[in-house]
Amino acid sequence: MAAGATLITFDKVWKSYGQGEATVHALAGVDLAIRSGEFVAIMGPSGSGKSTAMNIIGCLDTPTAGTYSFMGIDAGRLDRNRRAMLRNLYVGFVFQGYNLLPRTTAVENVELPLIYRGVAARERHDLAMKALAEVGLVGREHHTPAELSGGQQQRVAIARAIVTRPTLLVADEPTGNLDTARTHEIMELLTRLNTELGLTIAMVTHEADVAAYAERTIRFLDGHVASDTVNLEMVSP
Amino acid sequence: MIWETVRLSLLSVRRNVLRSFLTLLGIVIGVAAVIAMLTIGSGTTEKVKADISKLGSNLLVVRSGRPAGPGGPGGLDQVVRPLAQKDLAALVAHLSGARAISPASQKQVRVIFGTESLTSGVTGTDSAYLDARDWKLVSGRPFSDSETRSGTGVCLIGETVRQQFFGAGDPEGEIIRVNRTSCKIIGLLEPKGYTGFGQDQDNVVLMPLAAYQRRIAGNRDIESIYVAADDRTPTTELLPRVEDILRDTRRITPDREDDFSIRDMTQIADAMASATTTMTGMLGAVAGVSLLVGGIGIMNIMLVSVTERTREIGIRLAIGAHEKHILIQFLVEATVLSLLGGIIGILIGLALAGLASLTLAIPFAPSPAVILLAVGFSALIGMVFGFFPALRGARLDPIDALRHE
């Protein structure tokens, strides 16, 4: 997908939970567009709807009403397995808690999405080793998560997310569990992936200095987009 | 993909050695019980068949008294007319299809040599007896016709009698005392071991019928007549011929029942073999119930495993696993687990059956069909009882699963 083209569109997206009087609207008619190659930070207090929006962006969830289109596909109307396929082909995930499989080596963790793609064992291994090299983890390939620091674990998770060469990287508070120095390293890595690979990144964060790495910040409040600003003082790595 | 999943599930079995072992225990015990029961059972069946063929295959045994009915042999109201020499003579003269016909009367009698004594089964018979029973001589010779006719004091002894009196020595030509008479040993019978009913078949002394009747029984009766069929004649065909001849010589009018019985040893062998087979089947079925319990154990632990690994399932779903991938993963895991239990169970079951065959002196008869069945069945148990937990894992919502602590 050419850089600059629209990758993600929210058209009056609603997400509601519960029924009748008790209905809660996590998203109340959100309109939003993200272009290919953008690095977007999504902020907002808890309950603002930012996590719901992220789940829909990552094709994990579907809107109750309105249209969510991803790469021109009406992803909100797809069934479970088709969304799984979409995620496997085009979306990479990075979570706050790393979410690596325990007692499984780094390279095996990175190979995981390729298994579901049906890539042959040998090629899988090579691609995983390459991805680990890209995130700067040469020499740690056969360590299990328990043998790695938090920053290293998050690098493994990033390698797992990019090993499939996705179009979109969804990061949910990727530095939430890390100290300042490690946060800086991880954010530099993400920025590099954004510029060098042209990877579109949508990142939820609480911290303004983390959001500052992104080129654009979207703030959610009570299920609406409260503000959508371009970061003039972007941190340049 | 499948191989990958199998490898993965073996890995997860290894990660939780203790729990995997406890899960397997149910299947192991179930399969071991089934295998041991069926193997011991088929060994017993073989043993029974072998024992009965030792008694003589294709053999009819005629005895006096009415045939055994549901209430037991004979009737109390009836005066039993014993078999006599003329019955034997009629069979020898008229019966076709018989390999050997021989009379026998038997009694437990004290046998003495020097200062040693032994209570032994003493049988009065003729030289055709060895052929009828399919017994062989290790050394010496059978009775001659003249010895049989005149009732000379000669005898053939079994291995137990020889060991009691002569140790490893040669008994031929020695004189032993049987009851109040004495007889010269002219031959040694081949050892036959014990029957399945614990009877020593080598604790025997054979002597000419005339000598037995005169010196031991004190009458002219014949207790039984052994009729061995030749190779072309089935016992079922021979039996009615024997019956006809005996009814004729014993002058039994058509309106009256037989006053003798004919037992077909082949049929008895078949009946006993089928009884042990039925018994084996029943024991196997009872053991099979424990397999069911083992299967429930697998289901239980797989449910725990799915709950415990909810987050892992969430990760897998998020990065693109389909429902079927998760389903297959847990199904394979359950199957591998119970298959492993099955294999261990088979080994233990065979070991138990081997031990039993040593202590009970029955043949060790493992059946490849039963073993294959056990392997297949334990895999099936894994699949059936693993399905529900696996489905539960596959149906999880990735968002909830990722949030699971």
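**View 1. Strand β1 of chain B and its partner strands.** L60(B) has V227(B) of β9(B) as its bridge partner. Strands and helices are DSSP runs numbered from the N terminus, a strand being E over at least two residues and a helix H or I over at least four. Strand β1(B), residues 59-64, is joined by 5 bridges to β9(B), residues 224-229, and the two run antiparallel. Two strands count as paired if DSSP finds at least two bridges between them. Strand β1(B) also pairs with β10(B), residues 260-264, in the antiparallel sense over 5 bridges. There, S64(B) stands opposite F260(B).

The model is predicted, and local features need pLDDT of at least 70. Residues are numbered from 1 along each chain as its sequence is written, and chains are lettered from A in the order in which they are written.

**View 2. The open sheet of chain A.** The order of the 6 strands is β6-β7-β8-β3-β9-β10, with mixed pairing. Because β6(A) (91-94) and β10(A) (224-230) stand at the edges with a single partner strand each, one side of each has no neighbour in the sheet. From one strand to the next, the twist averages 20°.

**View 3. Strands β9 and β10 of chain A.** Strand β9(A), residues 216-221, runs antiparallel to β10(A), and 6 bridges join them. I218(A) has D228(A) in β10(A) as its bridge partner.

**View 4. Helix α2 of chain A on the sheet.** Helix α2(A), residues 80-90, packs on the sheet and touches β6(A) and β7(A) (168-172), contact meaning heavy atoms within 4.5 Å. The direction of the helix makes about 80° with that of β6(A); axes are lines fitted to C-alpha atoms, for helices over the stretch in contact, and angles between N-to-C directions run from 0 to 180 degrees.

Key: Predicted model: local features only at pLDDT ≥ 70, side-chain atom pairs only at ≥ 80, totals over all residues. Heavy atoms only, no water.
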